[in-house]
Amino acid sequence: MPTEIKGLNEECGVFAVWGHEDAAQLTYYGLHSLQHRGQEGAGIVVTDGEQLKVEKGLGLMTDVFDAQRFERLNGHGAIGHVRYATQGGGGYENVQPLVFRSQQNSLALAHNGNLVNAHALKRQLEAQGSILQTTSDTEVVAHLIRRSGSLPINEGIKQALTMLKGAYAFVMMTEDQLFVALDPRGLRPLSLGKMGDSYVVSSETCAFDVVGADYVREIEPGEMVVIDDNGIHSERFASPIQRTLCSMEYVYFSRPDSNLDGVNVHSARKRMGKKLAIESPIEADVVTGVPDSSISAAIGYAEYSGIPYELGLIKNRYVARTFIQPSQELREQGVKMKLSAVRGIVEGKRVVMVDDSIVRGTTSRRIVTMLKEAGAKEVHVRIGAPPIQNPCYYGIDTSEKEELIAGKHNVEEIRDMIGADSLAFLSVEGLQQAIGKREESLMHGHCQACFTGSYPTEIFPETVHPYEKA
């Protein structure tokens with residue numbers, strides 16, 4: 001496995017444009033701003049009104065796309081995708097968007113999330129004669145749409161969506177229409193923006209700033225938005241249910257300059273740090289955060305506690321992912337390549353190290369060791385989220401409880417295992433208060449299943465060991 005600083009990986013991000021002559025270029029910039037959501041593969045599909053053209057490949061956006069590829073991507077509508085491949089789910093055939101062609105029209109799909117009933121649907125489709133070309137959940141949806149017979153495409157899509165269970169944010173495109181849909185519980189983020197007469201859709205609002213679009217609103221749970229040359233309209237394929245937007249989007253996955261459900265991510269993380277300082281104070285000399293997602297929480301902790309915030313850890317931004325399959329010894333060295341302790345800041349000091357989460361514990365142990373090797377007298381670890389005790393089945397790569405250190409050990413045992421002088425996690429209540437809600441309604445709520453074990457959807461037995469997530 002490649003050496004990683006973090007123990008969590010989001011599966012993907014989606015972006016779409018309609019009604020702009022530079023749709024492919026805008027989609028490139030939008031996906032580039034979503035690169036943190038997936039670094040294993042990228043793709044863009046465009047339409048010129050007559051045909052769908054696709055360019056995709058393995059790697060980062062800058063690895064996949066060049067001037068030659070953009071010459072082939074002329075059109076006024078586009079959808080794009082960046083993905084993180086789970087174990088066993090790599091390969092070009094799983095890079096999205098997926099394109100399916102027929103005599104009636106073609107269909108391109110890109111998907112963020114994970115379908116918990118994908119295996120059951122695949123068995124059903126194969127029994128009816130379908131031949132699946134990928135291990136991606138996304139292909140299932142295309143087959144379901146095609147089985148809607150003579151129904152108009154929008155009705156076929158809605159019919160297919162009603163058969164899905166789990167987390168999904170879809171962008172789909174035919175030669176002359178763009179379709180955007182979010183699961184009935186809104187587990188994944190998806191927003192609508194506008195630039196002039198053109199429409200854009202993105203997993204995160206940070207992409208709107210990059211392409212110069214204005215935020216319009218979030219796609220509502222159970223809603224399908226249809227955009228074409230005649231304009232935009234909304235249809236419902238499911239009744240509203242209590243929204244359960246993934247809490248880890250606020251804690252870790254989303255960029256700090258994004259807004260989710262009307263809440264700025266950076267501000268929410270600062271409040272997490274403040275709540276952490278209230279719940280778990282400690283006498284110390286400096287506060288430092290683990291780059292990059294923990295910086296906001298560390299600032300919040302420092303501001304409330306009055307302990308100075310310092311850059312005690314520096315991230316090397318020029319270390320690429322490696323093809324080397326390292327030994328454990330080299331893997332330890334790899335962490336030092338990506339992250340360095342600043343001796344002049346931490347030497348002889350009692351350090352509060354703020355991080356967003358502990359998944360398997362190995363990275364936390366390495367960072368604590370690194371700080372102590374740099375001369376830190378004490379290292380007190382504070383985590384801006386509750387212990388992750390339960391696997392996620394909605395699109396995060398923690399599908400087995402055995403992988404999770406907090407699923408097997410209590411706080412004191414984890415503290416001893418990572419070598420910290422003290423350890424504390426934010427409470428579930430503290431996290432909820434830090435995120436906040438704009439109002440009490442069905443449209444505003446959060447999934448906390450990885451902390452509490454209370455899943456918002458039915459979990460199918462085969463979902464516990466999925467062989468691919470979108």
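Figure 1. Arg-350 is partly exposed, with a relative accessible area of 22%, while Glu-283 is exposed at 63%. Here, buried means under 20% relative accessible area, exposed means over 50%, and partly exposed lies in between (1.4 Å probe, protein chains only). The two residues form a salt bridge whose closest N and O atoms are 3.9 Å apart; the term stands for a side-chain nitrogen of Lys or Arg within 4 Å of a carboxyl oxygen of Asp or Glu. Arg-350 belongs to strand S20 (residues 350–355) and Glu-283 to the loop between helix H9 (265–279) and strand S17 (286–289), so the pair ties together parts 67 residues apart in sequence. Helices (H or I, at least four residues) and strands (E, at least two) are DSSP runs, numbered from the N terminus. This is a predicted model, in which local features need pLDDT of at least 70, side-chain atom pairs count only at pLDDT 80 or more, and totals for chains, interfaces and linings use all residues. Residues are numbered from 1 along each chain as its sequence is written, and side-chain values use heavy atoms, leaving out hydrogens and water.

**Figure 2. A buried salt bridge between Glu-204 and Arg-37**. The closest N and O atoms of this pair are 2.7 Å apart. Glu-204 sits in the loop between strand S10 (198–202) and helix H7 (206–211), and Arg-37 in the loop between H1 and strand S2 (41–47), 167 residues apart. Glu-204 has a relative accessible area of 0%, and Arg-37 has 1%. The structure holds 21 salt bridges.

**Figure 3. Aromatic rings around Phe-65.** Rings of Phe, Tyr and Trp (its six-membered ring) pair if their centres lie within 6.5 Å; planes under 30 degrees apart count as stacked, over 60 as edge-to-face and the rest as tilted. By this rule there are 9 aromatic pairs. Tyr-28 and Phe-65 have ring centres 6.2 Å apart and planes at 85°, so they are edge-to-face. Phe-65 and Phe-70 have centres 5.7 Å apart and planes at 35°, so this pair is tilted. Tyr-28 and Phe-65 are both buried, and so is Phe-70.

**Figure 4. Lysines over tyrosine rings**. A charge sits over a ring if NZ of Lys or CZ of Arg is within 6 Å of the ring centre and within 35 degrees of the ring normal. The charged end of Lys-56 is 5.5 Å from the ring centre of Tyr-92. Lys-194 lies over the face of Tyr-199, at 5.1 Å from the ring centre.
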